[in-house]
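Subject: Structure handover

Hi,

Here is the structure I promised to pass on.

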Amino acid sequence: MLILTEKKSVAKDFATALDAEEHPGFFINREKNIEVVFCQGHLFELVEPEFYNPSLKKWDIKDLPIIPNEFKYQKIAATAYQTQIVLKKLNEHNSDKILIATDADREGELIGRIILDQAKISNIDNCYRFWVSESLVPHVILSGIKNAKPLSEYNKLAQQGYARQRADWLVGINLSRFISIGNSEIFPVGRVQTAVLCEIAKRNYEVKNFIPEKYSECEAKITDSNGTTIKAKLIDAKNKTAFSPSDYYLNNAKKCLINMPIEKNKSSSEKKTIKPPKLLNLNTLSKIAFKKYSYTPEKTLQIAEELYNDLKCLSYPRTPSRVLGENNVELFLEKFELLKENYPHSKFCNSKLINSDNKNIFDSKKLESHHALIPLALLPEKATVEQKNIFNIILDSFFTVCQDDYIYNIETVLLFCGNYILKTGFKQVVQSGWMGVGNENIQNEPANDGNDGNDGFEVIQEITKFNKENCHISEIVILDKKTKPKREYTIDTLLDFMEKPKGDNAGILHGLGTSATRPEIIKKLFSSGYVLEENKKLFATKKGIWLLNLLAKNNELAKIANVNQTTIWENELNTNPLVFENHIIDYVSNCIKPEIKEIYTKESPGICPVCGKSVMENKISFNCSGWTENCKFTIWKKSYGTNFDFEDAKNLLSGNYTAYKNCKNKAGKNFKAKFKLRGIKIEIIFKK
């Protein structure tokens with residue numbers, strides 16, 4: 001039997017379970033006639049257009065759309081050596097049982113099928129599928145081998161994998177060329193990245209054009225016979241606390257209620273339980289790492305892979321799951337016992353919670369291609385500070401998940417005084433659990449939305465005793481407020497949106513990308529010049545907005561930037577991959593309309609003070625367009641501990657001051673300063 005895995009670490013797990021010896025590029029148990037060979041992720045990639053026709057190397061609009069009759073693959077150069085070993089082993093075992101043990105997801109299925117195709121194995125009657133997402137301890141592997149199903153049962157999943165890959169190629173190749181031809185810059189277009197760019201630009205527009213609305217709340221202080229004072233808020237018939245500033249009910253309340261006794265009250269109680277946050281997947285780890293250490297998703301993934309590959313102390317990082325399988329209780333307990341002596345917070349854990357009935361940790365139904373991130377060993381002393389930071393986030397999560405629930409009672413109280421109703425609430429903690437040991441902010445992810453002034457806010461106070469039967473209103477105050485806009489996206493809130501997007505129809509959509517691909521998608525938005533970051537906030541650039549405006553001029557092209565369209569395509573892909581692929585071909589063909597072509601012209605912030613030519617913007621600076629003639633004048637975007645944007649460059653080149661900017665010196669001290677260009681040097685003016 002030949003077993004094909006997606007990565008060497010998985011092959012090693014199989015080798016351990018099957019007593020196989022390691023050889024260069026594979027493992028073997030000669031006595032049982034079993035070999036295990038491994039890929040290194042994708043070993044093959046779709047060829048570039050010039051493979052089909054050398055003339056397609058030159059980008060020409062008359063050659064579009066490019067739609068191959070049959071898609072061809074080529075070896076990925078970086079993994080060519082291992083590819084040869086895999087193909088050789090498949091040919092040697094052509095007539096034996098072949099077990100495809102690539103990752104248990106659509107991408108893993110695609111990897112396996114492409115390799116079989118490239119090995120010219122068209123008859124898959126002797127091929128079986130190992131489909132396990134749990135941690136690959138020996139008994140799980142042996143059970144998975146025993147229960148492997150014929151590969152043919154996964155044909156539809158394979159068709160979906162092929163269709164998704166070809167669709168992304170068709171969209172990326174054709175639309176990127178169509179937009180870019182005739183321009184001095186490349187404009188990459190993609191099914192996911194363009195929709196994400198549109199979401200960032202949409203949020204920028206909403207924030208910039210937000211008009212705040214005034215509203216008011218009426219807050220009362222209520223004192224009981226024992227002198228204890230609580231707060232309450234006036235509510236309307238719909239249980240809302242926000243009123244128009246001119247509302248008669250609101251303004252009359254202030255006049256009428258002061259020092260009045262509460263005539264009656266009505267209470268309702270509810271017991272609430274908050275379980276510890278689930279274990280981390282890559283997406284959640286990336287959000288926490290950004291918030292805590294300002295690490296980009298790409299950097300977080302890189303560090304996590306170092307912990308996995310080099311230091312051998314972390315489970316597989318590219319995981320979408322936040323649980324383990326029910327067969328992994330022993331694994332969790334083993335790591336718990338190994339690590340608890342070196343982690344002080346472990347004393348707050350309840351080891352009785354580590355059992356297969358605890359679905360907050362062990363839930364095979366919610367398990368995807370790999371289980372959640374867990375530490376596998378102590379962090380080696382040679383680990384860097386960055387590796388330690390990421391490892392500790394995962395370690396905190398590992399021990400927090402097996403702490404007791406946070407349980408509390410909420411008593412909601414309505415206080416009646418004439419025609420007016422005030423609302424308040426009391427909170428009593430029954431069991432502090434995981435929230436009582438400094439974990440309350442472990443996954444406190446920021447919300448995207450602002451305050452619309454109509455959120456039904458409730459006053460909740462932690463007090464031990466209040467006499468509701470004998471109390472009066474001791475103070476009334478009207479709070480004048482304004483609605484706030486939604487917040488600009490930051491890396492962590494963008495990751496949150498990509499994981500759980502909401503469309504125009506307010507319905508829940510399919511996630512944009514996967515845990516494994518989102519870091520690369522966000523990186524591409526930056527490297528393509530579509531998005532920039534200022535004070536952690538994300539903004540679409542002029543280049544990105546130009547692309548979106550061009551796409552919006554054509555109904556077909558506009559679909560690529562629509563988050564809702566991704567769900568339509570994903571549903572089609574899951575239902576009928578062939579129909580989906582044909583629709584993508586039609587879509588790409590309908591988008592190629594030369595009459596809507598436009599040329600992107602960069603705006604210049606001003607004239608070079610050295611040679612008089614236009615200054616142009618690039619990724620890292622504003623520099624003279626006469627650089628080919630040796631003019632070196634440059635304004636660096638990052639200097640003096642701050643960022644200079646287009647408007648700053650415009651002010652400098654026109655002889656004006658910039659606005660005061662937040663800066664940081666080499667010692668890390670913050671200060672404010674404005675800047676002016678004198679000759680060819682930037683002068684700094686400190687704010688006193």
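At roughly what angle do the axes of helix α17 and helix α18 cross? Before the answer, a word on the source: this is a predicted model, where local features need pLDDT of at least 70 and side-chain atom pairs count only at pLDDT 80 or more, while totals for chains, interfaces and linings use all residues. Residues are numbered from 1 along each chain as its sequence is written, and side-chain values use heavy atoms, with hydrogens and water left out.

Now the helices. The axes of α17 (residues 563–575) and α18 (residues 577–591) cross at roughly 140° and come within 5 Å. Helices here are DSSP runs of H or I with at least four residues, strands are runs of E with at least two, and both are numbered from the N terminus. Axes are lines fitted to C-alpha atoms, for helices over the stretch in contact, with angles from 0 to 180 degrees between N-to-C directions. On the α17 side, the contact (heavy atoms within 4.5 Å) is made by W569, E572, L573 and T575. From α18 come P577, F580, H583, I584 and Y587.

Next, the sheet. Seven strands make an open sheet with mixed pairing, in the order β2-β3-β4-β1-β7-β8-β9; two strands pair if DSSP finds at least two bridges between them. β2 (21–23) and β9 (149–150) are at the edges with a single partner strand each, so one side of each has no neighbour in the sheet. Helix α3 (residues 80–92) packs on the sheet and touches β1 (2–5), β3 (26–29), β4 (34–38) and β7 (98–101).

β1 is parallel to β7, with four bridges, and parallel to β4, also over four bridges. L4 has I100 as its bridge partner in β7 and V37 in β4. Both faces of β1 are covered, with L2 and L4 buried on one side and I3 and T5 buried on the other (buried is under 20% relative accessible area, exposed over 50%, partly exposed in between, with a 1.4 Å probe and protein chains only).

Last, S528, in the loop between α14 (518–527) and β17 (531–534). S528 is buried, at 11% relative accessible area. Its side chain reaches the backbone oxygen of K524 at 2.8 Å. Beyond neighbours within four places in sequence, S528 is in contact with P188 and K543.

Cheers

Methods:
A polar contact is a pair of N or O atoms within 3.5 Å; within protein, one must be able to donate a hydrogen and the other to accept it, and residues adjacent in sequence count only if both atoms are side-chain atoms.
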